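Let's look at the terms used for this chain and ask what stands behind each one. Have the model open as you read.

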Amino acid sequence: MDLQSGLPLLSQQYTSLLKKNFLLSWRNRKASFLQLLSPIFFMFLLFVIDKAFQARYSSSTANKSVTDPGTLISPPITPCEEKFFVKLPCYDFVWSGNGNPKFQTIVSRIMANNPGRTIPPSKVLSFSNAAEVDDWLFKNPLRCPGALHFTEKNATVISYGVQTNSTSILNRGHYEDPTFAFQLPLQLAAEREIARYLIGDPSFSWSFSFKEFAHPAIESFSVVGSIGPSFFLSIAMFNFVLQMDSLVAEKENKLRQAMKMMGLYDSAYWLSWLTWEAVITLISSLLIVLSGMMFQFHFFLKNNFAVVFLLFFLFELSMTGFAFMLSAFIRESSSSNTIGFFGFIVGILTQGFVQAGYPYEHDTSKAFRAIWSLFPPDPFAQGIHLLSQATSTPEDNGVRWSKRGECAPNDDTNDGGCFVTINDLYMWLLGTFFLWFILAIYFDNIIPNASGVRKSVFYFLNPRYWIGKGGDKVREGGVCSCVGSVPPQENITPDDEDVLEEENIVKQQAAECMVDPNVAVQIRGLAKTYPGALNIGCCRKCKRTAAFNAVKGLWVNFAKDQLFCLLGPNGAGKTTVINCLTGITPVTGGDALIYGHSIRSSTGMSNIQKLIGVCHQFDILWDALSGEEHLHLFATIKGLPPSYIKSITQKSLAEVRLTESAKVRAGSYSGGMKRRLSVAISLIGDPKLIILDEPTTGMDPITRRHVWDIIENAKRGRAIVLTTHSMEEADILSDRIGIMAKGRLRCIGTSIRLKSRFGTGFIANISFHGNKLEQSPANSDATSTRNHETVKQFFKNNLDVVPKEEKSAYLTYVIPHDREGLLMNFFEELQNREEEFGISDIHLGLTTLEEVFLNIARQAELESAAAEGSLTTLTLTSGESVKIPVGARFVGIPGTESAENPRGIMVEVYWEQDDSGALCIAGHSRQVPLPPTVELPARPPLTRRRSLRRRSEVVDGIVIEPSQVNTVNF
Ligand SMILES: Nc1ncnc2c1ncn2[C@@H]1O[C@H](COP(=O)(O)OP(=O)(O)OP(=O)(O)O)[C@@H](O)[C@H]1O
Ligand SMILES: [Mg+2]
């Protein structure tokens, strides 16, 4: 079956990723609906706030058009209690000039003749002069709305002054105008009574009325224009945070990497996210405008629909680009909310400046304005400001589509002509969208991914990048991190003859540039060093983490139609080798050819991705997608023809027994089911090389056997690389096994060869007949003991071995390899004498692979402990302690020289591995005198005191070569 490539593959991947984005949103319905419905919710809040503002300012005519103002005729002095925010007891008015009886008369008439109400004397205070009034007012705030000051110029002229509390006050939606409420009534009363007094006619009167101007609404308060930008920013923030979260989650969970390894084009990836977010943005902007119209905001009704919609759409689109760009810097999706919150605060603050007219004015430099406008909420806030100004009064008709390139009506940004038009802002928002989007792709390439891999900062200068051939080599470490110096790889010749032979074969083929047609993967000196990095912490402390050689020169061939099993303890470097082969991490040294394609070249890697299927050590799956959707998606990305995808998906599901759970979300799968899905994904698209990193971990024995069958069947026509910690699995499935430890291949060969070379030998199990009915128990026991002893003697005499395990029913022997030649005759004779020895069954087998594994791992630990020179303390049963190198077998104890043992004593140390694989002391043999063959290093004779003191100290033990103690019987 030919896989798709080029444009058809791009389009196929794009459609499938778009579908995946839809499914992820659909499965995350609550958040998606909240995201989509947020415009209506926020618009409703704006509507409520608008109504509250309208109610608050209802008694003021500033926001209303007044065409026919009402008339106020001879207003009376109102009771002081009617003044807003007054303190009791209060006074209707106070006056000065009480030393003059004329004024007392005038004031008493003012009180008596007040229209509609006589003012009681208790509500009026008098003072002798204006200074006293001021003093009283200062000491008694909010107790009186106004004061009258009388002075007599001459007998016919009385002058007066009016003093009022001139602060305009709003109280629960009612506006108190001090001019109309207090000043004019006081003035009118004083004038009237002075005139009557001077004329001498107490009934003298005139009609007096006040009227405000007819005027259009003079104050342009608009809820949308003032607090709208913050609300619209909140709506955009929903999308912003969710967008970042989706992108970062795919990166964090290595899903993007897994898709890339399946051959995903970056262009398909970005286009699919862009399209999806553009659709969400489009719906969100439409909902904002439509709900704004629904709530009857003039802003939305009077401005042209397209003008308003485009502003919202371009703003949200630009925010999308910004979110994409930021996501390149975020490693954990949990950080998205923090970044979103931070962005929101910054947005609110900078929008506040924009509303105050900054920086869209002549006084600000162009460069600063440009920088300011890079943050999408700022040009957007200016756009909202212009559009709200254009509809600020009932007479304004907003901005027409055809006038978007002209100054918006009522634009107050400066005196002569406007500063920016709506069209300019469209251009800015569109420009910032492209800028952020391009930067998002750039940073995505140069910021290290989940595996710490990135491209060079100038990767785009490589023409191969533009023709889709990968371009630059990937690197490790952060863009600015100081990568520690990489320690040189040691060139170690393998100790093992098989490993050496394999290495020589590969080296020869590499030297001759020969590619063996039967070889699927040729690993040529593959080395991987994880670089240490320089971390600059607080207080300028620099900490350099050491570089680590995880794989130290691997030379091996993986043959076609074979399963190569890579074994090794935790941290041996198996996954690292796989990561190098699959391009997840770049190699430090050497190379590998997969079906002739080099993993070091980016073109080679893109070809390799078409040939391999990988089951990673840890499941890389979307929790929200079902098993079927996973397989469908990966099959599409791989390039399977659309007509086959459905049937192949069903077949794969059936193969791993997931048909019944095909439509269940992977997040609800058990660990074993997830593993099976991962195995199915690795097999999809008929790859020529399948890499399975611990595929059966967590599976029950039945499922495991079933997966073994699948792997066994998959061998035909393919090469398989398998890592596992199950020796049974390795034994059953492998054609060849390689055991790695500490980054190096320690042994290679078939299971039988490894067992025969690295096992302790053969295991013989001798079972005895049980109690015979006719025998009494005492007789039976005696016979059994006699049989045991005879057999033991037989083994000792012929093979010189003692039983490893002894039970009444059986004896177990480990027979070393060097006795292999004797075994044939020995067992023949044993079989012939079965009756005589009371033997019921003889079982002979090789040691297990597990034992081989443990031996190799222990050997590797020993080597590394020796290389590192690590020491540990051996405490003898006699109480003395000595320091010995980890792994040392025979140790002389200094200071134990005595008359009985003039050369001192020594022990054999037994070692074992703890849970983490590290070597620790299991015990030691009995203490024996040092044989004369052992040469101890010369040391100064110990005085008795020094000797006693040193006994309490931990002294260094003396390591003795095994060849020197051949004759010692421990
Ligand atoms: N990204 C990394 N940075 C630094 N060191 C790493 C990195 N990845 C792996 N290592 C180290 O490399 C060594 C080999 O790791 P690797 O994952 O290859 O082991 P493994 O053989 O697959 O072990 P396991 O059986 O536990 O899966 C380990 O010591 C590990 O700590
Ligand atoms: Mg691993």
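Q: What makes a residue nonpolar, polar or charged in the shell around ligand 1?
A: Ala, Val, Leu, Ile, Met, Phe, Trp, Tyr, Cys and Pro count as nonpolar, Asp, Glu, Lys and Arg as charged, and the others, Gly among them, as polar. Sorted that way, the shell residues divide into 4 nonpolar, 8 polar and 1 charged. This is a predicted model, in which local features need pLDDT of at least 70 and side-chain atom pairs count only at pLDDT 80 or more, while totals for chains, interfaces and linings use all residues. Residues are numbered from 1 along each chain as its sequence is written, and chains are lettered from A and ligands numbered from 1 in the order in which they are written.

Q: Which residues come nearest to ligand 1?
A: A residue is near a molecule if its C-beta atom, placed from the backbone, lies within 6 Å of it. Of the 13 residues around ligand 1, Y530, A550, N570, T575 and T576 come nearest.

Q: Which elements each supply at least two residues of that shell?
A: They are β15 (548-559) and α18 (574-582). Helices (H or I, at least four residues) and strands (E, at least two) are DSSP runs, numbered from the N terminus. Helix α18 gives the most, with 3 residues.

Q: Why is β15 called mostly covered?
A: A residue is buried if 20 or more other C-beta atoms lie within 10 Å of its own, exposed if 12 or fewer, and partly exposed in between, with C-beta atoms placed from the backbone. In β15, 10 of the 12 residues are buried, so the strand is mostly covered. Across the chain of 970 residues, buried ones make up 37%.

Q: How do you know that β12 and β15 pair?
A: Two strands pair if DSSP finds at least two bridges between them. Strand β12 (residues 519-530) and β15 have 10 bridges, in the antiparallel sense, so they count as paired. One example is A527, whose bridge partner in β15 is K552.

Q: What makes β25 and β27 edge strands?
A: Four strands form an open antiparallel sheet in the order β25-β26-β24-β27. Both β25 (805-806) and β27 (839-846) have a single partner strand, so one side of each is left without a neighbour in the sheet. For β27, strand β24 (residues 762-768) pairs with it over 7 bridges in the antiparallel sense, and I763 has G845 as its bridge partner.
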